[in-house]
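Student: I'd like to go through this one label by label and ask what stands behind each word. Can we start?

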Amino acid sequence: MNEELLSVGIDMGTSTTQLVLSKLYIQNLGSAFSVPRLVITDKEVVYRSDICFTPMLADNRIDVGQIQTFVQEQYRKAGIRKEEIQTGAVIITGETARKENANEVLLSLSGFAGDFVVATAGPDLESIIAAKGAGAHTYSKEHSTSIVNIDIGGGTSNLALFSSGELLDTGCLDIGGRLIKVDQVTREITYIAPKIKQLIARRGIQLALGQRVTPTELEPIIQEMVKLLEESVGLRPPGDFYDIIVTNKGLKLDRTIPCISFSGGVADYIYQEAADDVFKFGDIGILLGRAIATSSLTQQMMVARAAETIRATVVGAGSHTTEISGSTITYTEESFPIKNIPILKLSWADESGSDEVLARAISDKLNWFKLNNDLQKVAIALEGKKSPSFLEVQKYAHGLHKGMAELLEKEYPLIVIVHHDIAKVLGQTLYALLGYKKDVVCIDSVQVDNGDYIDIGKPIAGGKVLPVVIKTLVFN
Amino acid sequence: MEEKDLKSMIESILMEMVGNKPEEAAEPARTEAPVQQAVVVAEPVLAELVQTTQPAEEETDSDECLDDITEVDLRKLLLVPDPADREGYMKMKEKTPARLGVWRAGPRYKTFTSLRFRADHAAAQDAVFSYVSEEFVKEMNLVAVETMCRDKDEYITRPDLGRQFSTDTIEYIKKHTTNQAKVQMMVGDGLSSAAIEANLRDIVPAIAQGLKMYGIEVGNILFVKHCRVPSMDMVGEATEADVVCLLVGERPGLVTAESMSAYIAYKPTVGMPEARRTVISNIHSGGTPAVEAGAHIAELIKTMIERQASGIDLKL
């Protein structure tokens, strides 16, 4: 049995907005003699949109109308209807995520783009998605090595560190190609981002708005930016400006990283030399790329060619956000998709005690999710046990049932996400405890953490699995 | 494995390692030196084994126990000294139960590998030749019957008898089961009694709970001694159940001796094509967990009743 999912990815970045359509292929890899095991076997980008500048209104708000027109236009060019889109993600990245109406635009656009197209934001997620789009996780797996991908866009540089296919850490720096804008004709500086202004002042570099510049005059500040990037991957000890340039957090740097890859718009000028005008985009992107190409980032580390550069984030959003649940699961609820459900992940201490301990931990922690004393929908996540006894499953079910009493009063469905392969039996046990009257969604083989949100789509592959997107929603 | 057997096995292997013949082990005075030598060259695991063995040689009634070498997780044990890429090797080992990275002593296996291989082989043989205990059958509240085989030897050599019941047994089955039930559950020792004792406590309540959700009752469950899979066909004809589900011990291998299968068929009849059976195999703690398999089997039984088909006729 083969099944295809049509997925859309939309990236609204600091400088550009783009869209891709991908096909995800799903196959049952379980033998005829075992329980089914459905997995995504292949991902293929089938359509790449034009790249347009992210449209802004005069009051520095995002122009949602123009983005919708862009999406419609691209769907038409690709020859697909909105109804055919089965899954996907809209991600809002870099400086665009900090605009006043970012949240609103994101939510309205995800609905506009398709039924189960989810809204995502947050620097950590952005780093992961870009690195996956660039193929860094695949590279680290195939070469059994560690690799850091730096996605250098207009406003931010997003770092993600992978080791043998596993994500280890993420980081984000306010370094990008459009943090200084230079008029293409007059060569006057038209914009300097606040943090870069601060850096210029601290280093005593002669640069100011309105000044006419040559590449040589920009060299000192670009070298400072490159130095910060070198600090971010541990090639030099963090200097006095490192903490300031970090957006939310940097990498932990407790190990040497052998390999590096670059994505984002600037990456094109790291991997290849641009012959024509260095100011053709009206910014310092090309100069920054050139400077990185001759820095210790490429001299001291093994450079892996990214599968995607400027499109890494959008390809990541289209191809690498949707996962599928385990193949033996329980759901009685029919009203999919379920969107934007926050995750409450229990600690190991919570679940390794008795059912009473589990129940108390859940009802205590549910208080975190109360807005004005009103409880929202929450999905409970736990590790579970590998090959538990039937009694242990009962213990989990009783603990969950008691602990989630408050959610039940609200007529919310019980949503349980367990890591180990026990969701079918756990879901059936819960359903029995509820007297087959309340709805249960119990899925496994999905890893989530506190601070994540989950979106669950309509069942696919004959109802065996549910597509899920694990995401964050963080606006600065 | 008996402690004594293991001890003598270790002794004989140690003898082989240092080039002496096993018979010489009978004379303690002559073996002492070679054993000491072996300790010097051995791996830490082996050294531990030998050290615990030595006192036992002097006081034969010691209560001391050897460490159970079958407790060692082979996927986490790499015997290759100074591998160029330990991490890569371990990744590879994670993906297969095959005994990779066992290294060698001259052209042969190392002692630990050799002992572990024999221990796993012994466990497999035990699983075949032992019986599911009567207490266990009673504890699980199973209705005990047996096929035409008189003993294990006949069971191994005469597969045809392992599929048949005597007329008396058929009558007994009819008397202790519900006629024309939606589902008839049965358990068979098959080629691994160990698999039954390891999984049944968890899988039976999981199946029963799942079936209850679909409004299907599990009646009395049969236990068949000396059971071959097609014995379920005779049970199907005797009980006239819609679906017969047989939980049976799989032929053990060196990875696990506790793997169980579920053979499920819609209205099975004697002599029907094998393709009409649906099978869920590899149910053990390292494969599909018993509880999760039980929940899946319950749904499968419900689907078979709805679609009135099983095996390759049932398109899932």
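**Labels and their cut-offs**

Tutor: Take D455(A), which counts as buried because its relative accessibility is 0%, where buried means under 20% relative accessible area, exposed over 50% and partly exposed in between (1.4 Å probe, protein chains only). Before going on: this is a predicted model, where local features need pLDDT of at least 70 and side-chain atom pairs count only at pLDDT 80 or more, while totals for chains, interfaces and linings use all residues. Residues are numbered from 1 along each chain as its sequence is written, chains are lettered from A and ligands numbered from 1 in the order in which they are written, and side-chain values use heavy atoms, with hydrogens and water left out.

Student: What makes K471(A) and D455(A) a salt bridge?

Tutor: The rule asks for a side-chain nitrogen of Lys or Arg within 4 Å of a carboxyl oxygen of Asp or Glu. Here the N to O distance is 3.1 Å, so the pair passes. The pair links distant parts of the chain, with K471(A) in strand 23 and D455(A) in strand 22 of chain A, 16 residues apart. Helices (H or I, at least four residues) and strands (E, at least two) are DSSP runs, numbered from the N terminus.

Student: Why is K471(A) called buried?

Tutor: Because its relative accessibility is 1%.

Student: And D189(B) with K152(B): what makes that a salt bridge?

Tutor: Their N to O distance is 4.0 Å. D189(B) sits in the loop between strand 2 and helix 9 of chain B and K152(B) in helix 7, so the pair ties together parts 37 residues apart in sequence. D189(B) has a relative accessible area of 0%, so it is buried, and K152(B) counts as buried at 7%.

Student: Why is R201(B) called partly exposed?

Tutor: Its relative accessible area is 42%, so it falls in the partly exposed class. R201(B) meets E139(B) in a salt bridge at 2.8 Å, N to O. E139(B) is partly exposed as well, because its value is 47%.

Student: Which class does E146(B) get, and why?

Tutor: Partly exposed, because its relative accessibility is 36%. E146(B) lies in strand 1 of chain B.

Student: How do you know that E146(B) is in contact with residues beyond its sequence neighbours?

Tutor: Contact means heavy atoms within 4.5 Å. Leaving aside neighbours within four places in sequence, E146(B) is in contact with F165(B), T169(B), K225(B) and H226(B).

Student: What about Y263(B): why is it partly exposed?

Tutor: Its relative accessibility is 23%, so it counts as partly exposed. Y263(B) is in strand 5 of chain B, and its contacts include V229(B), M232(B) and V279(B).

Student: Now the interface. How do you know how much area chain B and chain A bury?

Tutor: Buried area is the accessible area (1.4 Å probe) that two parts lose on being put together, summed over both. For chain B and chain A that gives about 2200 Å², 56% of it on carbon and sulfur atoms. Q209(B), M213(B) and E292(B) supply 30% of the area that chain B buries there, more than any other three residues.

Student: What makes E299(B) and K424(A) a salt bridge?

Tutor: The closest N and O atoms are 3.1 Å apart.
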